[in-house]
Amino acid sequence: MNLIIRLLLNALAVFVLANVLTGVTVDGYVGAIIVAVVLSILNLLVKPILVILTLPITIITLGLFLLVINACIILLADKLIDGFSVANFWTAILFSILLSILQWLLQSFLKDDKK
């Protein structure tokens, strides 16, 4: 149940950012849910491989290269999903930064107080 709620919150974040950013478009709520699912799968399967392959440059740049990896994941999702498009690489970087912040804010409401 918690996974479904997180996916729906991620879809909400994708939909909000697609309406705010000019270079990002998504086709409706169902498209945002599909984007959230595909981004989750890509982050689960592809991102660890890319992080391991680019570990030396990530260490040299003190982790800033992870922004490039996130942008590549978003551009890959752009190629895989018909109803989702990102204008360019810089828009993908901005989208990934804002998506991470918005996901953090939305998912902070899910945490239970364990006092």
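Figure 1. Leu 62 sits in the loop that runs between helix 4 (55-60) and helix 5. Helices here are DSSP runs of H or I with at least four residues, strands are runs of E with at least two, and both are numbered from the N terminus. Although Leu 62 is not a glycine, it has a positive phi of about 60 degrees. Leaving aside neighbours within four places in sequence, Thr 58 is in contact (heavy atoms within 4.5 Å) with Gly 63, Phe 65 and Leu 66.

A note for all views: this is a predicted model, in which local features need pLDDT of at least 70 and side-chain atom pairs count only at pLDDT 80 or more, while totals for chains, interfaces and linings use all residues. Residues are numbered from 1 along each chain as its sequence is written, and side-chain values use heavy atoms, with hydrogens and water left out.

**Figure 2. Aromatic pairs.** The whole structure holds three aromatic pairs. Rings of Phe, Tyr and Trp (its six-membered ring) pair if their centres lie within 6.5 Å; planes under 30 degrees apart are stacked, over 60 edge-to-face, and the rest tilted. Phe 84 and Phe 95 have ring centres 6.0 Å apart and planes at 50 degrees, so this pair is tilted. It links distant parts of the chain, with Phe 84 in strand 2 (residues 84-86) and Phe 95 in helix 6 (residues 89-107), eleven residues apart. Both Phe 84 and Phe 95 are buried. Phe 89 and Trp 90 form an edge-to-face pair, 5.6 Å centre to centre with 75 degrees between the planes. Phe 89 is partly exposed at 28% relative accessible area, and Trp 90 is exposed at 66%.

**Figure 3. The largest nonpolar core.** In soluble globular proteins, nonpolar side chains tend to be buried together. A nonpolar core here is a set of buried Ala, Val, Leu, Ile, Met, Phe, Trp, Tyr and Cys residues joined through side-chain atoms within 4.5 Å. Of the 28 residues in the largest one, Phe 84 and Phe 95 touch the most other members. Two or more residues come from each of helix 1 (2-20), strand 1 (24-26), helix 2 (28-45), helix 5 (65-80), strand 2 and helix 6. Helix 1 gives the most, with seven residues. Beyond its neighbours within four places in sequence, Phe 84 is in contact with Val 24, Thr 25, Val 26, Val 35, Ile 74, Ala 77, Asp 78 and Phe 95.

**Figure 4. The largest pocket.** About 300 Å³ of space lies in this pocket. On a 1 Å grid over the protein atoms alone, a pocket is an open set of points where a 1.4 Å probe fits, with protein on both sides within 12 Å along at least five of seven lines; lining residues have an atom within 4 Å of a point. The lining has 14 residues, and Leu 39, Asn 43, Leu 99, Ser 100 and Gln 103 lie nearest the centre. Helix 1, helix 2, helix 5 and helix 6 each give two or more residues to the lining.

Definitions and conventions: Buried means under 20% relative accessible area, exposed over 50%, partly exposed in between (1.4 Å probe, protein chains only). Grid points are joined across faces, edges and corners, and a volume is the space filled by probe spheres set on the points.
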